[in-house]
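Reader: I would like a close look at one part of this model, taken step by step. Please keep the wording plain.

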Amino acid sequence: MKNKENLYKSIFLGPFTYLRPSVRTEAYIVLSLLLLHVAMLFITKSFDSLLIILASLLAAFAVEFLNKNQSYKNLFVIISSAIRGLVIGLLLPSNFPPVAVFFIAFFVLFINKHTLGGFANSWINPAAVTVAICWIIGVRFFPALELPGTAFQSKNIALLLIQNGTFPLNSFDVTVTNFLNRRLFSLFGVSIPEGYFSLLWDSHASIPAFRFNLLTIISSIILLGTDVLNPIIPGVFIFTYGILVKVAAPFFYDGTIFQGDVILALLSSGTLFCTFFLLQWHGTTPFTNRGKWLYGFFAGVLAFFILGIGLSPAGFAFIILITNILSLFIQSVENHFLKDFTSSVLLQQVKAVKEGNDA
């Protein structure tokens, strides 16, 4: 009798355990990490970029406010709208006209909302569409970094850009670099040159999403550690793109084979930011692990041919759009196989039940 009483005491009213955060929790985490990037813009007094973000936020909120089928007071709706607005604003250059940002973002988000349903119902990333349209309309506002011809023969192109002032040094770079070399890297018998910490901390790019690479790396760790992101797509993408840059990129500009600058490729063009905040947008990625592997691999190959070794101001937006289209075909194949698998399981169950009844 005592054993039964103890057994009943172990029964809970909520027996279910979630294997990953809810969509609402994911939205809170993503929004918090994006707001850290906005906070860095306040700290660095980047008011032009903040004005662009304000314009894209207002556009996102206006679309939801005009949607009569959904209450704009719903907290999740507000958060998801804020995420879309923030991502768009962070991916646009600081000198882009804010009024144009508002109308382009409003148009794209409104069409996306009323034709595709928005959020997870949309098969295409509206932030990437907005950036692509902004680039087509105002390409002159998207600055592309130019390299001298001799730079391509170097295996440390990022260091050359630091030395010529393209990526400026922060005031504390020398102090931090010396500390890291003395206390950390000396243990492994290596050292890093001055300027790499500045590139990680703040590259001073005109596009905010390209600037704070260290913050983006920390954000990626949080996103992966909290299971907000599945590691397959970003992992396969970074591995594929990194290998191609390292091995194949020098072949195209007479550089030293196996000496492509992976650091420059990952720390420019918003590669890290787009990998962790855009590449797995809700509704745009395959369902199965095999589909995710293919999606990440194809995105990495596209990145190599579109971004090259980096330095592209809007190339990643087009990578996202092309991979979104590819995802439709992958999901179609997935649905076909899953349908066949489900049908075979049901037939087996029906057969087993029938055999049991006959017995």
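At what angle do helix α5 and helix α6 pack, and how far apart are their axes?

Author: The model is a predicted one. Helix α5 covers residues 98–116 and helix α6 covers residues 126–137. The two pack at an angle of about 140°, and their axes are 9 Å apart. Angles over 145 degrees would count as roughly antiparallel, and the angle here makes α5 oblique to α6. The crossing of α5 past α6 is right-handed.

Next come the residues that form this contact. From α5 come Ile104, Ala105, Val108, Leu109 and Asn112. On the α6 side they meet Pro126, Val129, Thr130, Ile133, Cys134 and Ile137. Sorted by class, the contact of α5 with α6 has nine nonpolar residues, two polar ones and no charged ones.

Helix α6 also holds Trp135. The relative accessible area of Trp135 is 30%, so this residue is partly exposed. Setting aside residues up to four places away in sequence, Trp135 touches Phe142, Pro313, Ala314 and Phe318.

Apart from its neighbours within four places in sequence, Phe142 is in contact with Leu91, Leu92, Pro93, Phe96, Val131, Cys134, Trp135, Ile207, Pro313 and Ala314. Cys134 is also among the α6 residues that meet α5. The largest nonpolar core has 93 residues, and Phe142 is one of the five that touch the most other members, along with Leu34, Ile83, Leu223 and Tyr241. In soluble globular proteins, nonpolar side chains tend to be buried together.

Helix α2 gives the most to this core, with nine residues. Helix α2 (residues 23–43) and helix α10 (residues 213–225) have axes that come within 11 Å and cross at roughly 170°. That angle makes α2 roughly antiparallel to α10, whereas α5 is oblique to α6. In α2 the contact residues are Ile29, Val30, Leu33, Leu36, His37 and Met40, which meet Leu215, Thr216, Ser219, Ile222 and Leu223 in α10. Eight of the residues in this contact are nonpolar, three are polar and none is charged. Leu223, in this contact on the α10 side, is also among the core residues that touch the most other members.

Conventions:
Residues are numbered from 1 along each chain as its sequence is written. This is a predicted model: local features need pLDDT of at least 70, side-chain atom pairs count only at pLDDT 80 or more; totals for chains, interfaces and linings use all residues. Side-chain values use heavy atoms; hydrogens and water are left out. Axes are lines fitted to C-alpha atoms, for helices over the stretch in contact, and angles run from 0 to 180 degrees between N-to-C directions. Helices (H or I, at least four residues) and strands (E, at least two) are DSSP runs, numbered from the N terminus. Angles under 35 degrees count as roughly parallel, over 145 as roughly antiparallel, 65 to 115 as roughly perpendicular and the rest as oblique. A crossing is left-handed if the near helix is turned anticlockwise from the far one by less than a right angle, and right-handed if clockwise. Contact means heavy atoms within 4.5 Å. Ala, Val, Leu, Ile, Met, Phe, Trp, Tyr, Cys and Pro count as nonpolar, Asp, Glu, Lys and Arg as charged, and the others, Gly among them, as polar. Buried means under 20% relative accessible area, exposed over 50%, partly exposed in between (1.4 Å probe, protein chains only). A nonpolar core is a set of buried Ala, Val, Leu, Ile, Met, Phe, Trp, Tyr and Cys residues joined through side-chain atoms within 4.5 Å.
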